[in-house]
Amino acid sequence: MSAALLILSLLSLWGAGRLAVCALDGGFRTGAGSGSLSLSLSLGLGCGITSAVFFLSLILGGRIPLLPTDIAVTTVTAAGFYLFSRFSAASRPLPVSAERTRSDRWIMALAVIIIASAPLQFMLRSISSQAGDVDAFVIWNMRARTLFSDGMLSMSAFGPRFNHVDYPLLLPLSIARLWSYYGNATPLVPIGVALFFTGSTLLLLYGAIGYLRDKGHAALALCMLLAVPFFIYQGASQYADTALGFYFLLTIVLLAIAERNTSIRYRCLFFAGMAASFSAWTKNEGLMFLVLLVLSRLPVFSGRDAMRKALRETLVIVCGGLPVLAVLFYFKIFVGTSNDVVTLAHVASSGMLVLNHERHISVLKALASRVYAGWFIAGAGLLFYALFARISFGNERTLIYFMIRLLCLIFLGYYTIYLITPHEIPWHVASSVNRLIVQLWPMIIFLYFLMIAPYGYAEADPEQGRPVCTMNEGKDV
């Protein structure tokens with residue numbers, strides 16, 4: 001019975017997200033990578049929605065039965081998304097990506113070999129640390145266990161025995177929700193949630209690159225992502241950084257689809273705002289990401305019409321994130337009120353800390369000595385491949401420039417946190433820098449392959465929105 005309820009909880013999670021995806025061009029029924037893209041979008045949105053609903057249930061003291069609540073939310077979500085899709089402008093299929101070539105097949109074979117080793121790495125790490133690493137256990141899993149045992153949002157889950165009580169709750173709530181269905185706090189659930197976000201990141205990256213470029217580059221993107229063993233290690237350690245990186249990538253992918261398919265542009269922007277709010281509901285860095293996302297989309301040196309359009313689209317993104325942001329602000333105001341890095345007293349003196357050149361030197365030295373060498377090796381691999389590939393921004397030029405601005409602002413934000421931290425700089429950098437890179441690595445890989453043209457293909461045909469082949473007598477594909 002417990003296993004059946006657990007399966008039902010997963011189905012309700014997938015159902016809530018799937019209904020959202022169905023509002024986006026009929027659930028992505030066509031195109032290379034569409035299945036992986038549709039599944040990962042459904043799982044990511046569904047996990048965020050059910051987590052926020054479970055939080056509202058805990059606020060009410062757990063008096064609302066879990067199963068009827070999920071059924072009601074799924075029904076309301078279905079009605080809302082149906083009406084939203086029914087009375088919106090009819091959508092048309094996204095551009096079909098290039099056909100598979102011989103190069104694609106070789107890369108697919110290489111990707112299969114590399115991907116086949118990933119589950120083994122994950123399993124070995126999970127066996128050696130079933131409860132997760134120390135921080136993952138103390139910050140996320142212990143809080144999830146307390147929420148599950150109390151059955152309500154009690155302050156015992158945010159007492160002095162917990163670190164970082166202001167950290168948002170998407171991850172512990174997802175674990176506690178599944179435990180509530182299963183009936184006991186089995187350690188398999190946190191492992192399963194970690195596997196969920198690690199695998200969803202792989203699915204999303206493959207589906208997005210396959211849909212917007214081709215399957216060969218999608219497989220190569222997975223190879224690049226898995227080329228750094230730290231990614232699988234971090235995911236199996238049950239940290240929230242993998243989940244945060246997934247929602248970062250999900251937001252950017254939805255924005256990319258909005259650029260490619262104007263008929264569902266505003267729907268994609270709405271769900272991109274929702275995905276960004278889920279990142280804020282996962283970790284504090286997600287709130288910074290959401291703010292910088294909005295700022296990066298505003299044209300600084302543009303005419304009145306461009307500014308008006310940007311503001312209109314930004315408003316749609318903000319509207320998509322408002323429901324979850326309301327939940328987050330309730331949590332920040334009434335529950336997780338303290339922060340170990342940003343306090344009013346510390347913010348007042350942050351200007352002097354930023355201007356202190358000795359702190360800059362200390363941060364740079366710590367970064368140089370503590371960044372995992374695998375990141376540099378993977379970066380060198382990307383640069384080496386770029387020497388042989390053809391760089392082509394195609395129709396995503398605006399999106400690529402936006403992503404570059406966003407990544408620069410995020411790196412600047414992380415660097416500033418190190419400058420103003422009240423902790424010892426070497427310790428703070430050593431304990432967090434590689435996890436921060438894990439958050440951004442999938443998005444960096446996605447940006448990189450957006451700038452790489454498909455094998456043997458010229459720029460996309462502006463009228464058809466499809467790549468034009470340069471290898472087969474110029475015929476369209």
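Mentor: Happy to! Among contacts between residues at least 6 apart in sequence, 81% join residues at least 24 apart. Please keep in mind that this is a predicted model. Its secondary structure comes to 20 helices and 2 strands. The protein has 477 residues, and 55% of them count as buried.

Now for the part you asked about. Look at helix 13, residues 284–296, and helix 14, residues 304–334: their axes lie 12 Å apart, and the two pack at an angle of about 155 degrees. An angle over 145 degrees counts as roughly antiparallel, so that is the term for helix 13 and helix 14. The crossing of helix 13 past helix 14 is left-handed. You can trace the contact through the side of helix 13 that supplies Asn 284, Leu 287, Leu 290, Leu 293 and Val 294; these meet Thr 314, Ile 317, Val 318, Leu 325, Leu 328 and Lys 332 in helix 14.

Ser 277 sits in helix 12, which covers residues 265–280. Leaving aside residues up to four places away in sequence, Ser 277 touches Gly 321, Val 324 and Leu 325. Its relative accessible area is 0%, so Ser 277 is buried.

For another pair, find helix 7 (residues 170–182) and helix 8 (residues 188–212). Their axes come within 9 Å and cross at roughly 125 degrees, and the two helices are therefore oblique to each other. Here helix 7 passes helix 8 in a right-handed crossing. From helix 7, Leu 170, Leu 171, Ile 175, Leu 178 and Trp 179 take part in the contact, meeting Val 189, Pro 190, Val 193 and Phe 197 of helix 8.

Finally, a word on cysteines. A disulfide is a covalent bond between the sulfur atoms of two cysteines. This structure holds 0 disulfides. Cys 47 has a relative accessibility of 4%, so this residue counts as buried. Cys 268 is buried too, with a relative accessible area of 0%.

Definitions and conventions. Residues numbered from 1 in each chain as written. Predicted model: local features only at pLDDT ≥ 70, side-chain atom pairs only at ≥ 80, totals over all residues. Heavy atoms only, no water. Disulfide = S-S within 2.5 Å. Buried < 20%, exposed > 50% of the residue type's maximum accessible area, 1.4 Å probe, protein only. Helix = DSSP H or I, 4+ residues; strand = E, 2+ residues; numbered from the N terminus. Contact = heavy atoms within 4.5 Å. Axes fitted to C-alpha atoms, helices over the stretch in contact; angles between N-to-C directions. Parallel < 35°, antiparallel > 145°, perpendicular 65-115°, else oblique. Left-handed = near helix turned anticlockwise from the far one by under 90°.
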